[in-house]
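Work through the exercises below with the sequence and the 3D structure side by side, and try each task before reading its solution.

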Amino acid sequence: MRSQKYLIYADLIAYLHLAWVVFLVGGTVFTSFQSGYAWYQFWILTLTLLVNLPFKNSCPLTVWEESLRKKVQPEYSHRGSFIATYINGLLGTSFRPRTINITQALFYIISYAIVVITLIS
């Protein structure tokens, strides 16, 4: 029964993480159409990047979820990318974590560019 509780908590963290990713991506798209949101998106992006730094460029939600899953499945691992793990699992693809991480870095750069251009225009 205790192991089931760990999996429920891990699932909740994964859903929260997914919601945050959608919020980041959606916020960038929304900023493109609604310039009043740009400052919020700027701080959301900055906070996300700063929170990741102490975790060796990995999101603390990823670390937390993985540690809960390992209590039930000791061999479980995101292998370096929350996004790659779930995209590959859901779509049956085999994206390498490095590819996803580079794509993610490009997303942050493009997001910051959109936000900064929106703020200075």
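**Exercise 1. Describe the order of helices and strands along the sequence.**

Solution. Reading along the sequence, one finds the pattern α-α-α-α-α, and the count is accordingly five helices and zero strands. Here helices (H or I, at least four residues) and strands (E, at least two) are DSSP runs, numbered from the N terminus. The model is a predicted one, in which local features need pLDDT of at least 70 and side-chain atom pairs count only at pLDDT 80 or more, while totals for chains, interfaces and linings use all residues. Residues are numbered from 1 along each chain as its sequence is written, and side-chain values use heavy atoms, with hydrogens and water left out.

**Exercise 2. State the extent of the protein and its share of buried residues.**

Solution. Begin with the C-alpha trace, which spans about 55 × 30 × 25 Å along its principal axes. Then turn to burial (under 20% relative accessible area, 1.4 Å probe, protein chains only): of the 121 residues in the protein, 31% are buried.

**Exercise 3. Locate the charges relative to one another.**

Solution. Count Lys and Arg as positive and Asp and Glu as negative, leaving out His and the chain ends, and place each charge at NZ of Lys, CZ of Arg, CG of Asp or CD of Glu. The mean positions of the 9 positive and 4 negative charges then lie 6 Å apart.

How values were computed. Buried means under 20% relative accessible area, exposed over 50%, partly exposed in between (1.4 Å probe, protein chains only).
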